[in-house]
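Subject: Structure for you to look at

Dear colleague,

I am handing over the structure below, and I would be grateful if you could read the notes that follow with it open beside you.

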Amino acid sequence: MNVLAMDTSLGALSVSVRCGPPSALRRADACEVLSSGHAERLVPMVADVMAEAGLEFPHLQRVAVTLGPGTFTGVRTAIATARAFRLATACDVVGMTTLALMASGAFASGVPPAGRLLMIALDARRGGLYVQTFAGDAEAPLGPPVELTADEAVASLAGRPAAVVGSGVPHVIDAARRLGADVVPCSAPDTPSAAHLADLAPGLAPLRDIVPLYVRPPDAKPQIGKSLARSA
Amino acid sequence: MQPPADTAPPRGPGRTLTVLGIETSCDETAAAVVTRDHDGRGQIRSNVVRSQWDAHEAFGGVVPEIAARAHVACLDEIIRTAMRDAGVTWGDLDGIAATAGPGLVGGLIVGLTTAKAICLARNLPLVAINHLEAHALTVGLTDGLQPPYLLLLVSGGHTQLIDVRNVGHYVRLGTTIDDALGEAFDKTAKLLDLGFPGGPAVEAAAIDGDPRRFTLPRPMAGRAEPNFSFAGLKTAVRTAATEIVPLSQKDVADLAAAFQEAAAAAVIDRVQKAMAIVAGERAAPDRGHCLVVAGGVAANRHLRGALEGLTGRRGWRLALPPIALCTDNAAMVAWTGAEKLVRGETSPLTFAARARWPLDATAAPALGAGRLGAKA
């Protein structure tokens with residue numbers, strides 16, 4: 001299957017292509033650490049990686065994209081691109097959450113140590129973490145992705161030993177020390193990988209609705225009490 | 001599957017251009033297909049606009065993050081509808097034009113990124129469009145009107161007077177140093193509990209009002225440079241209203257009427273200054289002088305009437321595009337894209353969305369407009 005995978009959800013931008021028959025699979029990958037500017041770099045990077053792999057759009061069969069959570073604009077950038085490719089070509093679109101993709105990558109590289117849960121914790125800023133915890137493999141989450149404080153994340157383990165991966169590791173480890181929980185950091189990558197997503201993409205089910213997973217609502221409050229009183 | 005776009009005929013001047021436009025700079029998600037024939041005449045093949053008013057109403061104004069979320073949720077479907085309504089396929093297009101600024105950057109990124117991806121996949125040229133330029137050139141599409149003309153742009157995000165000398169040549173004569181006029185309408189509507197968007201709400205409330213009951217200021221009246229300011233007017237409405245709370249229906253109607261009257265009078269005063277500047281610089285015009293009005297506030301009937309009176313007295317032509325093309329839309333974006341394409345102007349796929357993008361990059365920040373100057 002000819003696959004294009006993209007991730008712009010966090011502090012890196014990565015694009016990967018897998019194409020050609022299984023016996024002669026062609027691979028091309030690109031990744032840049034990028035704190036901002038994903039929207040300017042993504043489409044040119046797709047062009048470069050597609051060219052490197054020798055894949056043309058009429059032959060593209062599947063686009064894989066991370067759905068979030070992450071930075072709001074970053075998550076939207078890859079999803080808008082995926083939706084546009086589906087609109088303009090005959091490809092379908094598959095997706096994984098950033099947390100499930102990172103968990104899959106960690107399990108594939110032998111993390112966590114036996115007997116420990118795997119917690120993916122991303123720094124959501126303003127004291128929050130995007131958190132999801134897995135037992136055994138990336139298809140066995142203990143619950144949906146949620147936003148928690150570090151203390152709440154540790155408490156959610158209910159005393160079970162865990163390994164933690166992601167940009168939120170320092171916050172979780174600090175909270176675990178304070179709360180006396182058995183949580184250890186792991187050395188798995190702290191950003192999602194488009195290359196890993198491209199490898200998984202043929203086995204994922206196509207999405208009808210490609211919906212961002214923001215987890216955190218918009219920072220806006222209804223304007224109540226801004227109007228002057230009316231007489232009866 | 002449709003044939004790849006690179007099998008399409010060569011593009012360039014002297015032939016009909018068909019362009020898809022995308023607009024996501026504020027709270028309208030829009031796509032349109034426009035054709036520009038070899039004589040420079042435009043035709044709107046489709047024009048699809050989905051407003052987000054419902055999503056923002058509870059907040060009393062546009063919330064940028066809510067707007068961006070709404071754009072990404074529906075833009076592809078809006079484009080599909082615009083293409084279907086126009087009866088065109090990707091192979092029929094000569095380019096894609098997308099608003100790249102000024103505006104809310106989250107929404108701009110959705111529209112511009114979508115355009116880039118389609119351009120890459122279908123081998124089409126991208127044209128990144130300045131939203132203000134699209135408003136400025138709309139009369140070329142609707143009225144066949146070519147520059148030079150004076151443009152009054154009055155919307156929720158912008159209030160400017162621009163001397164449109166040619167396509168790509170703009171001189172900003174005046175801008176707001178604080179609130180845009182549409183923003184002042186929204187805030188006044190919020191104060192008076194009239195709902196959102198404020199323009200239509202204030203206008204409807206003002207119908208039964210007496211504009212003479214309250215004396216409100218005409219901001220900037222008499223100043224030599226044709227800049228605008230509406231923050232003081234908004235505060236004056238609040239002051240007048242606070243003195244008589246609780247407000248009866250009659251109070252609200254009178255306040256709305258007084259605000260609308262003062263806002264229109266302020267605009268007329270500023271436009272007169274700009275007309276004098278333009279008339280002085282083009283003492284012997286070939287085709288007479290023309291005032292073009294664009295932006296959502298151009299829908300206000302009181303303002304339209306005042307502008308008709310002013311231009312009539314001065315012997316100027318007044319060009320008011322249809323309301324649907326005064327408010328944010330993608331037909332104006334597609335048209336501007338066609339005007340750029342016919343001149344050989346395209347944009348790279350690295351083009352960045354711009355929250356601020358002055359149409360006249362040489363214009364000095366208006367006095368009092370803050371450290372960064374006006375947004376546009």
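The largest pocket holds about 1,200 Å³ of space, and please keep in mind here and throughout that the model is a predicted one. The lining of this pocket is made up of 43 residues, and those that lie nearest its centre are B:Cys26, B:Ser155, B:Gly156, B:Gly157 and B:Asp186. By class, the lining divides into 16 nonpolar, 16 polar and eleven charged residues. Helix 5 (181-191) and helix 6 (198-206) of chain B each supply at least two residues of the lining, and helix 5 of chain B gives the most, with six residues.

On the side of helix 1 of chain A, the contact is formed by A:His38, A:Ala39, A:Leu42, A:Val43 and A:Val46, which meet A:Thr77, A:Ala78, A:Thr81 and A:Phe85 in helix 2 of chain A. Six of the residues in this contact are nonpolar and three are polar, with no charged residue among them.

Between the chains, helix 1 of chain A packs with helix 3 (residues 105-122) of chain B at an angle of about 10 degrees, with the axes 10 Å apart, which makes these two helices roughly parallel. Here A:Ala39, A:Glu40, A:Val43, A:Val46 and A:Ala47 meet B:Ile109, B:Thr113, B:Lys116, B:Ala117 and B:Leu120, and the residues of the contact divide into seven nonpolar, one polar and two charged.

Some points of backbone geometry remain. A cis peptide bond joins A:Gly68 and A:Pro69, with omega at about 0 degrees, and A:Pro69 is found in the loop between strand 4 (62-66) and helix 2 of chain A. In chain B, the peptide bond from B:Pro147 to B:Pro148 is also cis, with omega near 10 degrees, and B:Pro148 lies in the loop between helix 4 (131-142) and strand 6 (149-154) of that chain. Finally, A:Arg125, a residue other than glycine, has a positive phi near 65 degrees, and it lies in strand 6 (residues 117-125) of chain A.

With best wishes

Note on methods:
Residues are numbered from 1 along each chain as its sequence is written. Chains are lettered from A and ligands numbered from 1 in the order in which they are written. This is a predicted model: local features need pLDDT of at least 70, side-chain atom pairs count only at pLDDT 80 or more; totals for chains, interfaces and linings use all residues. Side-chain values use heavy atoms; hydrogens and water are left out. Contact means heavy atoms within 4.5 Å. Helices (H or I, at least four residues) and strands (E, at least two) are DSSP runs, numbered from the N terminus. Ala, Val, Leu, Ile, Met, Phe, Trp, Tyr, Cys and Pro count as nonpolar, Asp, Glu, Lys and Arg as charged, and the others, Gly among them, as polar. On a 1 Å grid over the protein atoms alone, a cavity is a set of points where a 1.4 Å probe fits but cannot get out, and a pocket is an open set with protein on both sides within 12 Å along at least five of seven lines; lining residues have an atom within 4 Å of a point. Grid points are joined across faces, edges and corners, and a volume is the space filled by probe spheres set on the points. Axes are lines fitted to C-alpha atoms, for helices over the stretch in contact, and angles run from 0 to 180 degrees between N-to-C directions. Angles under 35 degrees count as roughly parallel, over 145 as roughly antiparallel, 65 to 115 as roughly perpendicular and the rest as oblique.
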